Structures are given as structure tokens and as C-alpha cells.
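Here's a quick briefing to read with the model open beside you. We'll start at a pocket, then move on to the aromatic rings.

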Amino acid sequence: MDHVFFRPRDQVRTAGLLAGYAADRLFGDPRRAHPVAWFGSLASAVERRIWADSRPRGVVHLLICTATATGLGVAAERVPPPLRFLATATATWIVLGGRGLASEGIAMADLIEAEDLPGARARLSHLCGRDAATLDLADLTRAATESIAENTSDAVVAPLFWGAVAGIPGLLAYRTLNTLDAMVGHRSPRYERFGWASARADDVANLVPSRLAALFTAACAGRDARRVLKVWRRDANVHPSPNAGQVEAAFAGALGVRLGGLNSYGGEVSERGHLGDGDPPRPADLRRSVRLSLAVGALAAVAAAVVSR
């Protein structure tokens, strides 16, 4: 029976992606020795050896890290089918972050509803790198809602997309790009030039997934789908990011709230424009964003299964 199930290569990929998605929904991130942490240590070690205030050095850093992860993925694709199923499922589980994202959103909503301002400020760092020290409860609610939206694309839809089209190499390469963007892709005196390549590569990797995430958001919005499409078309490009604005605008339309405005990162203030109509999100809207994120992730898993067949 096993040899019949595992015989077609595309069915192995499909089964592995669905199993990995189910593992993420059931168990969340691995609690100990997360492989992404190992990779982060490796990337940091490479950075220490080759860092310079130089774009070419940043390109070399990106190529070394991405080639290493992709090479592991290519090797994993060549093992016998039963092992390839396990490798695909494990890789998918490792790179997805849907349950962890939902848990953080719920934790933030609990703290905000309890009016625990210090606790909510501290917890926000689990979702994004925004400066939280001066944010009030309303600002924290908006920040968390926007982060749920953006990370639905980055941590769920995009990995499933690349897993569907490129298997284990796609899963690992995408997670590498996303991790490098978080590590060195932000603008700072140290990474303005060195991290340029990683930031741009992550933008390219998310061009299609972010728009798929927005489309899936509309599909999950039911009767409000038309409003989602309207807000998405109108407001997506108001956001300075070519990708985050897509899904944040779609979530704003689905939730019937207004997102965006002034944000501060590392002491630098950024104007993100406004997305959507209505009032800023409340804690109840943050909880709705978590449910919407889970629904979008489920639809993305189904789409990935269809594409990978």
C-alpha cells in the first residue's frame, strides 16, 4: 500500500505539505532546538567573517546562506519517497508560523483587554520590531493587527506557495530569505548597505504570495469580499512596502477598520498612509484578525495541495 501511495513524486510533495501544515496547526513551532535558530547562528557566523559596509559583501552573505539551505533541500528531495514525505512534512512544519502567530495575537488581545500596558508593550516584540515604549493601548492594538495581517503572508502563505512550486528547496530557500531580511534587511547604520540584497530578495520572494494572501483574504471574507477587493485595489500601494500593503489593505477591508499611520522603528518615524475605512481596530477586531489569519492559512494549504499535484 505504501509503495502505491508514495509512487508519484507530486503526491509525495502534496502529502508532505499537508502533513506539515497540520503539524503546525496542532503543535506550533518546535519548542526546543528550532532549526531556524541554528540557521540564524550560522548566518551570524558568516556575517562576522565577511561583514563590510558594502553591497557586494551583502550579496556574498546572501548567496552563501541561501545556497547552503537550498543545497540541503535539493539533497532531501533525492531520498526515497517515504523519507521524502517525512522531510517535506518536517520542513513545512519548521518554516510555517501560523499557530504561533495566532497565539501571539490572542495573547496581545488578552493583555490589551486587561489594560496591561507594560505587558502589551513587552509582548509586541514577539510580533514586530516596532518601537513600543510610547505606544498606548490603541496603538498597540493597531500594531498587532497589522502584524497579524503581514505575517499571515510572510509566515504562512509564502512558505506554502514556495513549497508547492519548488518542494523542500523552495521551503528552505524562502525561510532563509525571510530570516535574513529580519536579521540584516532593516535600515540601520550597520545594515543600510550590507543588508540591501537580503531585503530586496525577500521583497521579490513575496511579490506573488502577498497578492495571493490578499486574494485569499477576500475569499474568506464572505459577504464582505467586494469591500475587501475595493480597499485592496485602492489602498495597497499607499503602504511603502510592495508586499505588506497588499495583505494589510485586504485585512483592513475584511475587518472594516482603518489601519496604517505613523510607525516608529529604531527611533525613525515612518508614515505608512491609511488603509481601509472606519475606526482603528479594537481588541475584538484583533481577535477577528486571528480567526481571519487562520482561515487564510487553511485556504492557502488547500491551494498549495492543488498546485503541487
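Helices α3 (35-50), α4 (55-77), α5 (81-95) and α8 each supply at least two residues of the lining of the second largest pocket. Helices here are DSSP runs of H or I with at least four residues, numbered from the N terminus. Keep in mind that this is a predicted model, where local features need pLDDT of at least 70 and side-chain atom pairs count only at pLDDT 80 or more, while totals for chains, interfaces and linings use all residues. Residues are numbered from 1 along each chain as its sequence is written, and side-chain values use heavy atoms, leaving out hydrogens and water.

**The pocket lining**
- α5 gives the largest share of the lining of the second largest pocket, with six residues.
- That lining splits into 15 nonpolar residues, four polar and one charged.

**Aromatic rings**
- Searching the whole structure turns up three aromatic pairs (ring centres within 6.5 Å; planes under 30 degrees apart are stacked, over 60 edge-to-face, the rest tilted).
- W51 and F194 make a tilted pair, because their ring centres are 6.4 Å apart and their planes sit at 45°.
- W51 is in the loop between α3 and α4, and F194 is in the loop between α8 and α9 (196-205), so this pair ties together parts 143 residues apart in sequence.
- F194 is buried at 1% relative accessible area, while W51 is partly exposed at 31% (buried is under 20%, exposed over 50%, partly exposed in between, with a 1.4 Å probe and protein chains only).
- Ring pairs also join W51, Y191 and F194 into a cluster.

Terms used: Ala, Val, Leu, Ile, Met, Phe, Trp, Tyr, Cys and Pro count as nonpolar, Asp, Glu, Lys and Arg as charged, and the others, Gly among them, as polar. Rings of Phe, Tyr and Trp (its six-membered ring) pair if their centres lie within 6.5 Å; planes under 30 degrees apart count as stacked, over 60 as edge-to-face and the rest as tilted.
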